[in-house]
Amino acid sequence: MLLPLLRGLAVTVQLTLGAVALAVVIALAAGLARMSPRRALAWPAAVYIEVFRGTSALVQLFWFYFVLPFFGIELPAFAAGMLVLALNTGAYGAEVVRGAVLAVPRGQLDAAAALNLSHWQTLWRVVLPQAFPAMLPPGGNLAIELLKNSALVSLITITELTFTAQLLRAETLRSAEIFGVVLVLYFGVALCITAGVRRLERRAARGLERGVA
């Protein structure tokens with residue numbers, strides 16, 4: 001019983017890590033684009049964020065896997081699942097990025113302007129290094145939410161942890177034991193994510209202290 005669940009867990013971890021990495025890129029791009037004074041960037045970012053935050057992740061998953069083929073776009077189940085999880089989480093992450101950037105004191109921007117830094121230099125050397133620590137706690141929460149939402153991909157036949165548990169339950173009828181182990185495995189992965197985020201928080205805090213000093 002345990003070996004199939006561990007194989008399913010490996011798929012869940014791969015799916016989660018890939019979706020988290022993609023979601024980070026999407027969140028940064030969408031969050032910064034929404035703050036842009038250029039409407040050509042701000043409006044598409046705003047539409048993406050509101051659509052993916054305002055609709056069900058399950059419906060999004062079904063759209064990408066079952067509906068897009070009618071428009072000539074056919075994605076493998078794993079790719080569709082990873083993309084939807086990343087887009088859904090990235091929409092929430094974009095607001096985390098925007099809030100953290102807006103929380104950087106205005107005086108820091110004035111100092112960068114006084115040093116004649118360009119817009120991109122100010123963003124990458126001044127704003128984002130100070131905003132990054134503020135992004136980490138909510139970002140960690142979103143990563144755990146993504147892990148839990150990964151169970152949705154079982155509905156498009158990806159043999160991840162939840163789908164494997166359902167197959168085992170149908171074969172053995174040992175529901176309590178199987179789903180008890182599944183709970184422990186999900187909890188263990190969530191703890192690993194939390195530990196990783198806490199470590200990043202400590203490193204970011206030390207980096208800020210060195211910067212201030």
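This is a predicted model: local features need pLDDT of at least 70, side-chain atom pairs count only at pLDDT 80 or more; totals for chains, interfaces and linings use all residues.
Residues are numbered from 1 along each chain as its sequence is written, and side-chain values use heavy atoms, with hydrogens and water left out.

The chain contains 8 helices and 0 strands, and its elements run α-α-α-α-α-α-α-α from the N terminus. Helices (H or I, at least four residues) and strands (E, at least two) are DSSP runs, numbered from the N terminus. Along the principal axes, the C-alpha atoms fill a box of roughly 70 × 45 × 20 Å. Of the contacts (heavy atoms within 4.5 Å) with a separation of 6 or more, 74% are between residues 24 or more positions apart.

The chain has 213 residues, and 38% of them are buried; buried means under 20% relative accessible area, exposed over 50% and partly exposed in between, with a 1.4 Å probe and protein chains only. The accessible surface comes to about 12300 Å², and carbon and sulfur atoms supply 67% of that area. The chain carries 17 positive and 10 negative charges, whose mean positions are 8 Å apart. Lys and Arg count as positive and Asp and Glu as negative, while His and the chain ends are not counted; each charge is placed at NZ of Lys, CZ of Arg, CG of Asp or CD of Glu.

T157 lies in the loop between α6 (119-149) and α7 (161-172), and its phi is near 70°, a positive value in a residue other than glycine. T157 counts as exposed because its relative accessibility is 53%. In the loop between α7 and α8 (175-212) is L173, with a positive phi near 60°. With 66% relative accessibility, L173 is likewise exposed.

The structure holds 3 aromatic pairs, that is, rings of Phe, Tyr and Trp (its six-membered ring) with centres within 6.5 Å; planes under 30 degrees apart count as stacked, over 60 as edge-to-face and the rest as tilted. The rings of Y48 and F52 have centres 5.2 Å apart and planes at 55°, so this pair is tilted. Both residues belong to helix α2 (residues 39-54), where they are separated by about one helical turn because they are 4 residues apart. Y48 is buried at 15% relative accessible area, and F52 is buried at 12%. Elsewhere, F62, Y65 and F66 form one aromatic cluster.

Definitions and conventions: Accessible areas come from the Shrake-Rupley method with a 1.4 Å probe; for residues, only the protein chains shown count as cover.
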